[in-house]
Amino acid sequence: MTTSQATEKKPLWLSIEENILALDAQDLSGEKLEASVQRVAGELDNAGYNVSHHGGNMLQLRWAMNEAHKVGRPLMEDFNTAIAALTLEDVADPYLVTNKLISDIGETWPNLKRSERRRDVIRIVEKTKLDLLIAKAKGLPDDKGIRLLIEEKVAPEDITSGLDIPEEKLEQVKAEIKK
């Protein structure tokens, strides 16, 4: 699973959807919609996305806001609910569960089916798998949690930070496994 929690800038579509999620339901209503578009555009500008002065980015924001208005709720509400319902068994094959998520949620939110969003959904599913593995490892006695994460090929920095253990402890367990 060689996953690392490298930080990089979120894709614009995901930042747009997260900002829409933070809005109140009345902010998506007809009379407040334009003010909400402008407020979200400003917030995205402040985050470095250049939405207000880039026509394509502003259109992407408007389309997402219009979809949320039409459906009556933000896409991320459905998406986060689906992600939260995943179990470790569900995410055993991140690509399979990604296909299912995109297909199921895409019935209501067709833009999620766009090819450039698949990679981002896969990353979220893989992060969910990592979080679930770390949660399981924390519940195991002794060094069994560390061993589980090593067997699952979790990146060393994710093991040490996720389990809050020093690198020396990880190296000690790796040495014991090699014996």
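This is a predicted model: local features need pLDDT of at least 70, side-chain atom pairs count only at pLDDT 80 or more; totals for chains, interfaces and linings use all residues.

**Empty spaces**

Let's begin with the holes. Rolling a probe the size of a water molecule over the atoms shows where empty space is left. How many cavities of 30 Å³ or more are there? The count comes to one. The largest cavity has a volume of about 130 Å³, and 14 residues line it. If you want to find its centre, look for Glu17, Ala64, Glu67, Asn111 and Arg117, the lining residues that lie nearest to it.

Which helix gives the largest share of that lining? That's helix H3, with four residues. H1 and H3 (55–71) each bring at least two residues to the lining of the largest cavity.

Now for an open space: the second largest pocket, with a volume of about 180 Å³. Its lining consists of Ala82, Ala85, Leu86, Asp90, Asp93, Leu96, Val97, Lys100, Leu101 and Asp104. Helix H5 (residues 94–106) contributes the most here, with five residues. Sort the pocket's lining by class and you get six nonpolar and four charged residues, with no polar ones.

**Helices that pack together**

Here are the two pairs side by side.

| Helix pair | Angle | Distance between axes |
|---|---|---|
| H1 (residues 12–21) and H2 (residues 33–46) | about 130° | 10 Å |
| H7 (residues 144–151) and H9 (residues 167–178) | about 75° | 10 Å |

What do those angles tell us? Start with H1 and H2, which pack at about 130°. An angle counts as roughly antiparallel if it is over 145 degrees and as roughly perpendicular from 65 to 115, so H1 and H2 are oblique to each other. Their crossing is right-handed. Where they touch, Ser15, Ile16 and Asn19 in H1 meet Val40, Glu43 and Leu44 in H2. The residues of this contact split into three nonpolar, two polar and one charged.

H7 and H9 pack at about 75°, which means that they are roughly perpendicular to each other. On the H7 side of the contact you'll find Ile146, Arg147 and Ile150, and they meet Lys169, Leu170, Val173, Lys174, Glu176 and Ile177 in H9. By class, that contact has five nonpolar and four charged residues, and no polar ones.

Conventions. Residues are numbered from 1 along each chain as its sequence is written. Side-chain values use heavy atoms; hydrogens and water are left out. On a 1 Å grid over the protein atoms alone, a cavity is a set of points where a 1.4 Å probe fits but cannot get out, and a pocket is an open set with protein on both sides within 12 Å along at least five of seven lines; lining residues have an atom within 4 Å of a point. Grid points are joined across faces, edges and corners, and a volume is the space filled by probe spheres set on the points. Ala, Val, Leu, Ile, Met, Phe, Trp, Tyr, Cys and Pro count as nonpolar, Asp, Glu, Lys and Arg as charged, and the others, Gly among them, as polar. Axes are lines fitted to C-alpha atoms, for helices over the stretch in contact, and angles run from 0 to 180 degrees between N-to-C directions. Angles under 35 degrees count as roughly parallel, over 145 as roughly antiparallel, 65 to 115 as roughly perpendicular and the rest as oblique. A crossing is left-handed if the near helix is turned anticlockwise from the far one by less than a right angle, and right-handed if clockwise. Contact means heavy atoms within 4.5 Å.
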